[in-house]
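Please view the sequence and the structure together.

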Amino acid sequence: MSGHDQGQPLLQAEGLKLRFGGIIAADGINLSLFPGEHLAIIGPNGAGKTTFLNICTGYLKPNAGRVSVGGQEITGRPPRRITRMGVARAFQIPQLFTEQTVLENMLLAGSIRERRWNLLRRLDGIPGRAEMEHLLDLVGCADVRNRLASELPEGKRKLVDIALALALKPKVLLMDEPTSGVASADKFGVMETLMNALREAHVSSVFVEHDMEMVKLYATRVAVWAQGIIQMTGEPEVVLNDPDVIRNVIGN
Ligand SMILES: Nc1ncnc2c1ncn2[C@@H]1O[C@H](COP(=O)(O)OP(=O)(O)OP(=O)(O)O)[C@@H](O)[C@H]1O
């Protein structure tokens, strides 16, 4: 998917600038995500990729520029508000309550979405159980629904984390290196399950990725972030074969 002629972007950054002392993380970033896209952001270490995700979720405020979701500006709004506007983030903090089961974690996430969160409330009284079980099924984790979150292998934990994010009913999911920490033999299986779940739930995504094989297989479009600007965007086969990208990003 080219990203052009697809109507209004779901997520749009315009003229983003952010510096930390002498470090310029963003120096006029223009980047859009269109419905149905899975946009990979690649770039050298310390380029500003994670900073971008932090701006989009409201955890960092840019020095200049704006971010909008479905045409509504979100720059500087509180993270909770941005989540409610349809932008979720996975793997941000250890989100799981480790001494609760996977299903109990899901029910808590569902109740947060409904703004009925109350730890004293009996979990089985909260609506949405069937929906949460469906989401666990979608990420291939129905088999671990009654396991304690602390007992999960890393690959399953990542997938449950995706289900938790999907429980918020986002339009866009932001992910920082989705399979980092997963054993290399399991990485592609986890990514395959994850991306299938996003497609089925009609959730578009932006993911920061260092593994070019993942980018090639799962990105619909790639943006190269270096020296605070987007150096290039395009389809994976074009971007990943570009001599400058090979020299300056992939080679490193
Ligand atoms: N809150 C902060 N305060 C000061 N400097 C920061 C802050 N957040 C990020 N930085 C700096 O901004 C630069 C960009 O960081 P960022 O984490 O966004 O890079 P990245 O492209 O995600 O890198 P990597 O690929 O290594 O994860 C880095 O030099 C980092 O040290």
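Which residues surround the ligand? The model is a predicted one, in which local features need pLDDT of at least 70, side-chain atom pairs count only at pLDDT 80 or more, and totals for chains, interfaces and linings use all residues. Residues are numbered from 1 along each chain as its sequence is written.

The ligand is surrounded by Phe-20, Ile-23, Ala-25, Gly-43, Asn-45, Gly-46, Ala-47, Gly-48, Lys-49, Thr-50 and Thr-51, a residue being near a molecule if its C-beta atom, placed from the backbone, lies within 6 Å of it. Two or more of these residues come from each of β2 and α1 (49–56); helices (H or I, at least four residues) and strands (E, at least two) are DSSP runs, numbered from the N terminus. The largest share, three residues, comes from α1.

| Class in the ligand shell | Residues |
|---|---|
| Nonpolar (Ala, Val, Leu, Ile, Met, Phe, Trp, Tyr, Cys, Pro) | four residues |
| Polar (the others, Gly among them) | six residues |

An open sheet of four strands runs in the order β2-β1-β4-β5, with antiparallel pairing; two strands pair if DSSP finds at least two bridges between them. Because β2 (23–33) and β5 (72–73) stand at the edges with a single partner strand each, one side of each has no neighbour in the sheet. Five antiparallel bridges join β1 (residues 11–20) to β4 (residues 64–69), and Lys-17 has Ala-64 as its bridge partner in β4.

Elsewhere, Val-139 is in contact (C-beta atoms, placed from the backbone, within 7 Å) with Leu-159, Val-160, Ile-162, Ala-163, Thr-193, Leu-194 and Ala-197, leaving aside neighbours within four places in sequence.

Definitions and conventions: Two residues are in contact if their C-beta atoms, placed from the backbone, lie within 7 Å.
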